[in-house]
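Grab a pencil and open the viewer.

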Number of protein chains: 2
Amino acid sequence: MTNPYHPHNHRHCIEDALQEARSLCKDKGARLTPLREKVLELVWQSHSPIGAYDILAELGRLEERSAQPPTVYRALDFLMEHGLIHRLSSLNAFIGCSHPSEQHNSCFLICEKCHVAQEIEHPSIDASLKDCAQSQGFKIIDSSIELTGLCPNCVGANQE
Amino acid sequence: MTNPYHPHNHRHCIEDALQEARSLCKDKGARLTPLREKVLELVWQSHSPIGAYDILAELGRLEERSAQPPTVYRALDFLMEHGLIHRLSSLNAFIGCSHPSEQHNSCFLICEKCHVAQEIEHPSIDASLKDCAQSQGFKIIDSSIELTGLCPNCVGANQE
DNA sequence: CAAAATACGTTATATTGTAACAATTATGAA
DNA sequence: TTCATAATTGTTACAATATAACGTATTTTG
């Protein structure tokens with residue numbers, strides 16, 4: 001998996017994500033329509049979360065007939081349902097999922113400075129969460145972990 | 001600490017929280033004004049997170065002159081700054097902090113059915129998160145962990 | 001093909017949160 | 001105390017995010 005902090009040909013990230021989405025949807029019999037694919041592509045335009053209304057504006061720039069909010073939110077709902085994107089509730093924004101084929105809990109490192117959000121996976125986190133919930137008799141259905149701070153690129157560079 | 005899932009005299013929770021808030025603010029030289037204290041009390045009215053506009057409505061019921069949104073948000077900002085409440089971003093709602101005197105990362109178990117949110121603390125969670133972030137070179141400034149599911153009371157009771 | 005399900009368009013509105021400035025109240029130094 | 005300053009609250013207006021409801025078009029399936 002490419003490291004979002006390093007320079008890279010981001011077109012590859014986008015293409016890979018779209019390719020995997022097509023394949024996954026085909027397997028599941030889910031309909032990745034042109035609109036939904038376009039929204040997924042827009043979400044993947046960078047490694048920073050993007051807001052629904054920014055997607056809406058991008059769509060507006062591309063099509064003549066400008067879309068309305070429900071159009072975007074419905075596409076986002078579809079993409080979330082199928083694990084292709086995540087919603088970062090602390091930012092009211094959306095970001096592409098870096099490993100949509102595996103069942104996983106979403107856990108993000110969000111840089112306050114450059115706004116890159118990296119999805120991480122660590123068995124020990126899952127384990128300790130599950131442990132802790134279990135000791136309380138709590139059954140986890142969904143988990144949202146959002147860690148805000150400074151990414152390796154920005155932690156060194158002194159804030160201007 | 002009282003267990004939010006068990007029946008208890010909730011007036012005690014409220015009184016304890018207010019008492020601790022007064023004491024903490026006094027120590028820090030922070031001004032817990034009547035308005036702020038009232039908002040804190042409303043947040044503590046139950047163990048379920050409450051929305052800003054619900055607080056606003058409650059204030060409206062109590063006072064003749066009805067408050068405006070900025071009044072409530074400013075009070076909430078003050079209470080968050082001093083660690084007296086937390087914001088649950090997945091719900092756009094606020095809940096009283098159960099141990100405001102200790103520096104800690106917020107971690108909540110949120111029941112989908114009864115809406116009780118329990119704040120938990122587990123060294124192993126903090127440790128594994130820190131570990132994982134560190135291995136990426138990421139410096140955590142703030143963390144938000146929100147686990148949604150079924151609390152011990154509701155996990156048994158079959159959903160109607 | 002026809003019927004049903006799914007997806008999308010469109011209008012209107014709900015919900016959550018903030019900017020900006022005025023009025024008031026508390027604080028602290030002279 | 002008294003005035004100057006800072007902090008808090010009031011007030012108006014609006015920004016940003018999200019959804020309800022219903023109509024139309026497209027796709028799927030028998």
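**Exercise 1.** Where in chain B does B:Ser48 lie? Then work out whether B:Ser48 counts as buried or exposed.

*Solution.* A quick reminder before you start: this is a predicted model.

- Step 1: Find the loop between helix 2 (34-43) and helix 3 (52-62) of chain B; that's where B:Ser48 sits.
- Step 2: Buried means under 20% relative accessible area. B:Ser48 has a relative accessibility of 18%, so it counts as buried.
- Step 3: Now look at who surrounds it. Setting aside neighbours within four places in sequence, B:Ser48 is in contact with B:Phe94, B:Ile95, B:Cys114, B:His115 and B:Val116.
- Step 4: Compare sequence with space. B:Ser48 and B:Ile110 are 62 residues apart in sequence, yet their C-alpha atoms are 8.5 Å apart.

**Exercise 2.** Which residues of helix 3 of chain A are buried, and why do they line one face of the helix?

*Solution.* 

- Step 1: Go through residues 52-62 of chain A. The buried ones in helix 3 are A:Ala52, A:Ile55, A:Leu56 and A:Leu59.
- Step 2: Look down the axis of helix 3 of chain A. Its buried residues fall within an arc of 105°, so they line one face.
- Step 3: Check the other side of helix 3 of chain A, where A:Tyr53 and A:Arg61 are exposed.
- Step 4: Ask what the buried residues pack against. In chain A, those of helix 3 pack against helix 2 (34-43), helix 4 (69-81) and strand 2 (93-96).

**Exercise 3.** At what angle do helix 3 and helix 4 of chain A pack, and which residues meet there?

*Solution.* 

- Step 1: Two packed helices are described by the angle between their axes and the distance between the axes.
- Step 2: For helix 3 and helix 4 of chain A, the angle is about 115° and the axes are 9 Å apart. That makes helix 3 of chain A roughly perpendicular to helix 4 of chain A.
- Step 3: The crossing of these two helices of chain A is right-handed.
- Step 4: List the contact. From helix 3 of chain A come A:Ala52, A:Tyr53, A:Ile55, A:Leu56 and A:Leu59, and they meet A:Pro69, A:Val72, A:Tyr73 and A:Leu76 in helix 4 of chain A.
- Step 5: Sort those contact residues by type: you get 9 nonpolar, no polar and no charged.

Terms used
Residues numbered from 1 in each chain as written. Chains lettered and ligands numbered in written order. Predicted model: local features only at pLDDT ≥ 70, side-chain atom pairs only at ≥ 80, totals over all residues. Heavy atoms only, no water. Buried < 20%, exposed > 50% of the residue type's maximum accessible area, 1.4 Å probe, protein only. Helix = DSSP H or I, 4+ residues; strand = E, 2+ residues; numbered from the N terminus. Arc of directions from axis to C-beta. Contact = heavy atoms within 4.5 Å. Axes fitted to C-alpha atoms, helices over the stretch in contact; angles between N-to-C directions. Parallel < 35°, antiparallel > 145°, perpendicular 65-115°, else oblique. Left-handed = near helix turned anticlockwise from the far one by under 90°. Nonpolar A, V, L, I, M, F, W, Y, C, P; charged D, E, K, R; others polar.
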